[in-house]
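Please look through the sequence and the model shown below.

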Amino acid sequence: MLIFNIRGENIEVTQAIRDYVEKRVSKLEKYFEKDMKNTAHVNLRVYPDKQAKVEVTIPLPFLTLRAEEFSNDLYASVDLVTDKLERQIRKYKTKVNRKSREKGFKNLEFVPNDDQTTSDSDDNQSQFDVVRTKRLALKPMDNEEAILQMDMLGHDFFIYEDADTSNIDIVYRRNDGRYGLIETGEE
């Protein structure tokens, strides 16, 4: 069962919009276990040029589903993001289930615990000012699982705790489309 947290930026979330989002995103429930309660965080934003952006994040026990889409029509953006999430689920469902069973992990997830933004109050701010901070709960996994999580989130890098060495490592997407690994610890 999906519980919806729908938020609008530069747009009022009317009952019609809420109903449409819930109807479309609820179609993903067929991929979840029946007794699971998951929260779908939906952010709707309309820009001054009338572009509509829809972001959907669904934290699950073994991964976090996330997608965003832009278009000239809010409803079309909802359709596009739902289709994108469904493709992600189908693509990674078997692989995630296999990896979690092999490793015996119960909580393989990327969890941003704190998401803070700061405002630029001074025009003379340095280019090195931190404008956003995220805190992560690192979960033990191997580099293949980390790459899977990185791809699911749509990021270019992913920080994780190596299950074998307990070191904090980083996987990243190289310019050639392949993956790189940065290992920390003693040499």
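The structure holds 2 aromatic pairs; rings of Phe, Tyr and Trp (its six-membered ring) pair if their centres lie within 6.5 Å, and planes under 30 degrees apart count as stacked, over 60 as edge-to-face and the rest as tilted. One of these pairs joins Tyr20 and Tyr75: the ring centres are 4.9 Å apart and the planes stand at 80°, so this pair is edge-to-face. Because Tyr20 lies in helix H1 and Tyr75 in helix H2 (residues 74–103), the pair ties together parts that are 55 residues apart in sequence. Helices (H or I, at least four residues) and strands (E, at least two) are DSSP runs, numbered from the N terminus.

This is a predicted model, in which local features need pLDDT of at least 70 and side-chain atom pairs count only at pLDDT 80 or more, while totals for chains, interfaces and linings use all residues. Residues are numbered from 1 along each chain as its sequence is written, and side-chain values use heavy atoms, with hydrogens and water left out.

How accessible are the two tyrosines of this pair? Tyr20 is partly exposed at 23% relative accessibility, and Tyr75 is partly exposed with a relative accessible area of 32%. Here buried means under 20% relative accessible area, exposed over 50%, and partly exposed in between (1.4 Å probe, protein chains only).

Helix H1 covers residues 15–26. Its 12 residues reach 16 Å from the first C-alpha to the last, close to the 16 Å expected at 1.5 Å a residue; the expected span is 1.5 Å times one less than the number of residues. Ile17, Val21, Arg24 and Val25 of H1 are buried. Seen down the axis of H1, its buried residues fall within an arc of 90°, so they line one face of the helix; the arc is that of the directions from the helix axis to the C-beta atoms. The face turned away from this buried side carries the exposed residues Gln15 and Lys23.

Two strands pair if DSSP finds at least two bridges between them. S7 (residues 140–141) and S8 (residues 157–162) pair in the parallel sense over 2 bridges, and Met141 has Asp162 in S8 as its bridge partner. With helix H3 (residues 143–153), S7 and S8 make a right-handed β-α-β unit: with the strands pointing away from the viewer, the path from the first strand over the helix to the second runs clockwise.

On its pairing with S9 (residues 168–173), S8 runs in the antiparallel sense over 5 bridges. Phe157 stands opposite Tyr172 in S9, and Ile159 stands opposite Ile170. S8 and S9 form a hairpin with 5 residues between them.

Most residues other than glycine have a negative phi. Ser166, in the loop between S8 and S9, has a positive phi of about 65° although it is not a glycine. Lys50 also is not a glycine and has a positive phi of about 75°. Lys50 is found in the loop between strand S2 (38–46) and strand S3 (52–59), and is exposed, with a relative accessible area of 60%.
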